[in-house]
Amino acid sequence: MSRTAADGGPGHPAGPSQLALLLRPVRTRLIAAALLQLLVAVLTVLTFIALGQLLSALIGDGVTDSVRGWAWVAVIGLFAAPAAHGISFALSFGASRQVEYAARRAVVAHLERLPLGWFTRNGSAQVRKTVGADIGSLSVLVGEGIPMLPRFVATTVLSTGYLLWVDWRLALVVMAPTVAATVIITRQGRNPSAEEAEHEDAARLLGARTTELAQGISVFKVFGQAQRGTQRFGTAADRFAETYLRAEAVEARRTRLTSILSSWIVTLVVTALAGTVFTAAGWIDGIVVVPFLLLSWVISRGVWSLPMVLMAGRRARMVGMSLAQIFGETPLEVRRGETPRAEPAVEFAGVSFGYRADKPVLREIDLRLAPGTVTAVVGASGSGKSTLARLIPRFWDVDAGVIRVCGRDIREVEPEQLYRDLAFVFQDPQLLRRSIADNIRLAKPDADEATVAEAARLAGIDDRIAELPRGYDSVVGDDARLSGGESQRVAIARAILADAPILVLDEPTASADPESAARIQDALSNLLADKTTLVIAHQLNTVVDADTIVVLDEGRIAESGTHAELLAADGHYARMWAASAKGSTRQTEVTAR
Ligand SMILES: Nc1ncnc2c1ncn2[C@@H]1O[C@H](COP(=O)(O)OP(=O)(O)OP(=O)(O)O)[C@@H](O)[C@H]1O
């Protein structure tokens, strides 16, 4: 069993083919831009040939009719080449913006269809990297790389062809350094050096350590380990710097030879020396050297830009891989189903699930949450309570069995419908960096202010919101800094407003202090009225009134019943209850002392 599909989901070809799909709508514009760059190449080479002819005429042959023609070519080339380049750039730049926008939309649309569990595993880092940096590189590739490549090739081929035609022997000598540089650069450009790869690794590690330090600095400090936290970061930063210097040194060594070989001054000197030798030997007329001086310079400039073209190719591969990773994730499939929607019950029938094939977390769960009842799930840490709760909103799909919500297999329900039937409040209430009002009305964007305020009142958070500088318009994280318990109550207000018939609550009081926990419990009692509820609880005293208490033990249902029934059964639950009673007595004694 695998939670990822490396080979692409249905309708979403991975990698390069995804890139091809994105480029298809702008294909015509890119072809036009590339053709214009070909024209620029032709005009550039013609201009230099014309310059050669003019210089030759000035030095020796005298001005003839054909020279006048070449003068026109030079003038036209001088104006037409920048104009063609300008139009080509406008076309490819426009196309790059369109591709960038389409790529971001395609990624976001695909993300919308991924199971929620994917986000808990990957967090926001990969999404940020793909939607931000990688798609940014894609834009550079489309805007510059794709049109510039034909220009580079055409300039080199045309100039070389012309020089070979003028005098192939001199051409071979003059071109030798640039050909050598081209071969070396192309071979080097294909694979990054070991030092470069090591530096990439160090950069990734530094990124991870920076996040760890930013998120965990308070924990390190509280335990007197601030130095250790910064030490881990410092070691990563040192390694980053060291590998950078090493990679740069290797790069400098690698490029030393090629930058000499492809430098224009070397080309000019080689051309002048070879031209002198050839002329002295009587193999050529001295005037023939003029076009060589001009065009070998054009070629060396092209070779100079080759590493950038190759870099664009490497980036394209990287972007392709990054997109493949996201598009390779199998989206939530919604199967065709004919079962009509029934009363708001939740059923687990023979459900088994594991995050890994060799480690089942839930085994053969049979459970029914009857409409309008509260079912509490308790059990030791790691027994699978949160996993059970998260399977209902399809964080992951079951490996065996079926989960039904309102009588229908959840794999046959459109997510929009499923999330209308379900509201969930988890341990870590995720509030968006938006106004409090927007956070509450997430499930009902058109809810008016009075309705939002009423939900906040029922959730017991209205008085705290009133204290905020801009009340309901205060923005979470900016002028609304809320405690864990307060955030939890905002999440409950959101669930109250959503008014879904089924509620899934995963330890909603987990991060709250006793006073806050009591307020959350009050808020929940407003939320629970008439709902079908599944609540995960650590503190048994919060669930004694539940209609059914289910005890999970190593992923299996060990027993279930009411509080009184389970105490009478004297099994798992009774032992947990006795242990929790002992714990709270000890707690009371400690507090009294
Ligand atoms: N996203 C995940 N990927 C891999 N394993 C996971 C993931 N989430 C939980 N697990 C593993 O599944 C098992 C059950 O975890 P779960 O969180 O469901 O237990 P729990 O009963 O809710 O525990 P607790 O009361 O401590 O929150 C544990 O062994 C846990 O390590």
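**View 1. Helix 9 passes helix 10 in a right-handed crossing.** A crossing is called right-handed if the near helix is turned clockwise from the far one by less than a right angle, and left-handed if anticlockwise. The model is predicted: local features need pLDDT of at least 70 and side-chain atom pairs count only at pLDDT 80 or more, while totals for chains, interfaces and linings use all residues. Residue numbers start from 1 along each chain as its sequence is written. Helices (H or I, at least four residues) and strands (E, at least two) are DSSP runs, numbered from the N terminus. The axes of helix 9 (residues 264-280) and helix 10 (residues 289-304) come within 9 Å and cross at roughly 155 degrees, so helix 9 is roughly antiparallel to helix 10. Axes are lines fitted to C-alpha atoms, for helices over the stretch in contact, with angles from 0 to 180 degrees between N-to-C directions. Angles under 35 degrees count as roughly parallel, over 145 as roughly antiparallel, 65 to 115 as roughly perpendicular and the rest as oblique. On helix 9, the residues that meet helix 10 include Trp 264, Leu 268 and Gly 275; among their partners on helix 10 are Phe 292, Trp 297 and Arg 301. Contact requires C-beta atoms, placed from the backbone, within 7 Å.

**View 2. Helix 15 (residues 449-458) and helix 17 (residues 484-498) cross at roughly 125 degrees, with axes within 8 Å.** This angle makes helix 15 oblique to helix 17. The crossing of helix 15 with helix 17 is right-handed. Thr 451, Val 452, Ala 455, Ala 456 and Leu 458 in helix 15 meet Ala 493, Ile 496 and Leu 497 in helix 17.

**View 3. An open sheet of four strands has the order 2-1-4-5, with antiparallel pairing.** Strand 2 (359-369) and strand 5 (408-409) are the edge strands, each pairing on one side only. Strands pair if DSSP finds at least two bridges between them. Strand 1 (residues 346-356) is joined to strand 4 (residues 400-405) by five bridges, and the two run antiparallel. Val 346 is opposite Val 405 in strand 4.

**View 4. The ligand is surrounded by 12 residues.** The closest are Tyr 355, Ser 381, Lys 385, Ser 386 and Thr 387; a residue is near the ligand if its C-beta atom, placed from the backbone, lies within 6 Å of it. Helix 4 (116-122) and helix 12 (385-391) each supply at least two residues of the shell. Helix 12 gives the largest share, three residues.

Methods: Two residues are in contact if their C-beta atoms, placed from the backbone, lie within 7 Å.
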